[in-house]
Amino acid sequence: MQDATTVLSIIQKRGERGLPLKNLYRQLYNPRLYFQAYARLYSNDGAMTPDTTGETVDGMSREKIKTMIDLIRQERWRWTPVKRVYIPKRSGKLRPLGLPSWSSKVMQEVIRQLLNAYFEPRFSDHSHGFRPGRGCHTALSEIVHTWKGVHWIIEGDISDCFGRLDHDVLLSILSEHIHDNRFLRLIQYMLQAGYLEEWSWHETLSGAPQGGVCSPILSNIYLDKFDTFVETILMPKYNGEKRRKPNPVYKQVEYAIARAKRKGDRQAVQALRKQRRELPSQDPNDPAYRRLRFVRYADDWALGFSVMYHQKSTLEISQRRCFNQVLLLISYQGSR
């Protein structure tokens, strides 16, 4: 068996080159991936929290991993229903949280490693949620450093994003890149395992329950279609000119500085330079310049518009059209 780092590196290179994955299910036979998954999970706060079967990290062993791999080889692995609990939100509402069994957590972490290695290089640079080396601070840094001259911002939040992921759409997206039916069936069974609430089993017709190890990567794979739509359709449509025209007032001050230098008037040069520092070098009212910015953190996203100040009516029309197109895309994905 190859080392886990080598396996994930090969999968990552295929993702970078846009090549499909075949025979991915066979990688689940590699015990080194399970050891690495255990190393990532055993120190978590919920490792000792009993699930519906009473299983915890206590008692994990090589023999148990061997048993899990044997079940995977024979395609006899069965996902146990997650235990559903509710945690309070800041708004006062309750957020459902799923607690998988310990064996399911380990298996999900193995799947997450494989999916993350392949899809991470393919994700948009505007996506910051649940990604290595990224987070809310990097999303805010992108806004601070690149959203220059933004006049209007549309902020959106996809309601119950994790709970409303369409299973058929998600599996269809995965099948575009993963040509392995056994691996896809394993993910399908995981999504449809159901949950126990007050010891009553409930079917999961949609969504990936929060608390699941694979839920963040699956949601990013799903919402990557949204990122692609914004970057390939909306941004080219609403962007105009690469940069603004030079500010005529700024240029006049520069000419005045040049004339004062020729005359040797140092006081005038200093005064004009001070005046120039207070002026933008580019025309903020350039009618040809338009720019659309985009950033997403998990299910929260924002669109920023840079347009001429006095084109308010035109801006409102463009803003409304753009917002409607985003809503149509979300509704379309949810209805597929």
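Predicted model: local features only at pLDDT ≥ 70, side-chain atom pairs only at ≥ 80, totals over all residues.
Four strands form an open sheet in the order S3-S2-S6-S7. The pairing is mixed. Strands S3 (94-99) and S7 (200-202) stand at the edges. Each has a single partner strand, so one side of each is left without a neighbour in the sheet. Neighbouring strands of this sheet are turned by 45° against each other on average, with direction ignored.

Strands of a sheet pair through backbone hydrogen bonds, either parallel or antiparallel. Strands S2 (residues 82-88) and S6 (residues 195-197) run parallel. They are joined by 2 bridges. Valine 82 has tyrosine 195, in S6, as its bridge partner.

**The cavity**

Rolling a probe the size of a water molecule over the atoms shows where empty space is left. Here, the structure holds 2 cavities of 30 Å³ or more. The second largest cavity has about 30 Å³ of space.

Phe130, Cys161, Phe162, Ser219, Asn220, Leu223, Arg296, Ala298 and Asp299 line the second largest cavity. Helix H8 (residues 215-238) gives the largest share of this lining, 3 residues.

| Class in the lining of the second largest cavity | Count |
|---|---|
| Nonpolar | 5 residues |
| Polar | 2 residues |

Definitions and conventions:
Residues numbered from 1 in each chain as written. Heavy atoms only, no water. Pairing = 2+ DSSP bridges. Axes fitted to C-alpha atoms, helices over the stretch in contact; angles between N-to-C directions. 1 Å grid on protein atoms, 1.4 Å probe; cavity = no way out; pocket = protein on both sides within 12 Å on 5 of 7 lines; lining within 4 Å. Points joined across faces, edges and corners; volume = space filled by probe spheres on them. Nonpolar A, V, L, I, M, F, W, Y, C, P; charged D, E, K, R; others polar.
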